[in-house]
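Hi,

Here is the model I promised to pass on.

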Amino acid sequence: MLALAGLLGLGRVIAPSGGAIARADEANAAKARSLVEAAINMTDSQQAVKLLWQASNIDPTLEDPYVYLGLYYNSRSQFDQVVSVYKRLIKYEPNSLSAYLNIGEAYMSFTPPRAADALPYYQKAFQIDQGSGFAALRLGEVYAQMGDREQAAHYLNQAMSKSAKNPAVAAEARKVMGDLGPM
């Protein structure tokens with residue numbers, strides 16, 4: 001474009017205004033949302049997956065296509081695909097708590113669970129939201145599985161202390177703590 005502008009003797013290139021960019025972003029977001037909606041209503045799952053990937057290409061920051069792609073691949077036990085989906089979301093939304101948690105969950109769904117692979121994603125989730133009882137619970141469970149009782153107890157205690165927010169998480173943390181035995 002710069003070469004063309006020089007050839008035409010214009011001397012400078014005019015960039016789109018901020019308003020034009022914002023309208024284009026809004027249009028892309030709307031188009032992506034409509035593709036997600038269409039995918040949700042389809043009975044052909046392969047075509048739905050194609051639409052969801054299209055939506056994620058049009059607006060890579062929109063979380064919905066990733067969520068539905070993650071659910072699709074998870075339902076087929078394609079955990080490596082779940083990891084890939086959410087890693088792509090992290091590329092565009094590096095502070096997406098749910099992306100980090102879902103990657104951790106995917107790694108823990110492998111047989112056998114891949115705790116060492118899940119750990120950094122749960123750690124990042126907890127770093128993003130230290131109030132997340134679920135992230136604390138998962139960290140406690142991973143550390144317990146890895147044999148680090150001290151770290152396991154630390155995070156399980158945190159998960160239990162957040163019982164007002166999520167009693168089910170606190171109950172699970174108490175169960176895992178009981179399985180650890182006396183410290």
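Is glutamate 105 buried, partly exposed or exposed? Glutamate 105 counts as partly exposed, because its relative accessibility is 23% (buried means under 20% relative accessible area, exposed over 50%, partly exposed in between, with a 1.4 Å probe and protein chains only).

Two notes on how to read all this. It is a predicted model, in which local features need pLDDT of at least 70 and side-chain atom pairs count only at pLDDT 80 or more, while totals for chains, interfaces and linings use all residues. Residues are numbered from 1 along each chain as its sequence is written, and side-chain values use heavy atoms, with hydrogens and water left out.

Now the overall picture. The protein chain has 10 helices and zero strands (these are DSSP runs numbered from the N terminus: helices are H or I with at least four residues, strands are E with at least two). Of its 183 residues, 38% are buried. In the largest nonpolar core there are 52 residues, and those touching the most other members are Tyr73, Tyr86, Ile103, Tyr107, Leu139 and Leu156. Such a core is a set of buried Ala, Val, Leu, Ile, Met, Phe, Trp, Tyr and Cys residues joined through side-chain atoms within 4.5 Å. Setting aside residues up to four places away in sequence, tyrosine 86 touches Tyr66, Val67, Gly70, Ala99, Asn102 and Ile103 (a contact means heavy atoms within 4.5 Å).

Back to glutamate 105 and its partner. There are four salt bridges in the model, a salt bridge being a side-chain nitrogen of Lys or Arg within 4 Å of a carboxyl oxygen of Asp or Glu. In one of them, the side chains of glutamate 105 and arginine 138 meet at 2.6 Å, N to O. That pair links distant parts of the chain, with glutamate 105 in helix H6 and arginine 138 in helix H8, 33 residues apart. Arginine 138 also forms a salt bridge with glutamate 141 (2.7 Å, N to O), so Glu105, Arg138 and Glu141 are linked in a network. Because they are three residues apart in helix H8, arginine 138 and glutamate 141 are separated by about one helical turn. Both arginine 138 and glutamate 141 are buried. Away from its sequence neighbours within four places, glutamate 141 is in contact with Leu156, Glu172 and Val176.

Another salt bridge joins aspartate 117 and arginine 114, with the closest N and O atoms 2.7 Å apart. Aspartate 117 is partly exposed at 31% relative accessibility, and arginine 114 is partly exposed at 33%.

Last, a couple of backbone details. Most residues other than glycine have a negative phi, and most peptide bonds are trans. Serine 77, in the loop between H4 and helix H5 (79-92), has a positive phi of about 55° although it is not a glycine. Threonine 111 and proline 112 are joined by a cis peptide bond, with omega about -5°. Proline 112 lies in the loop between helix H6 (97-109) and helix H7 (115-128).

Cheers
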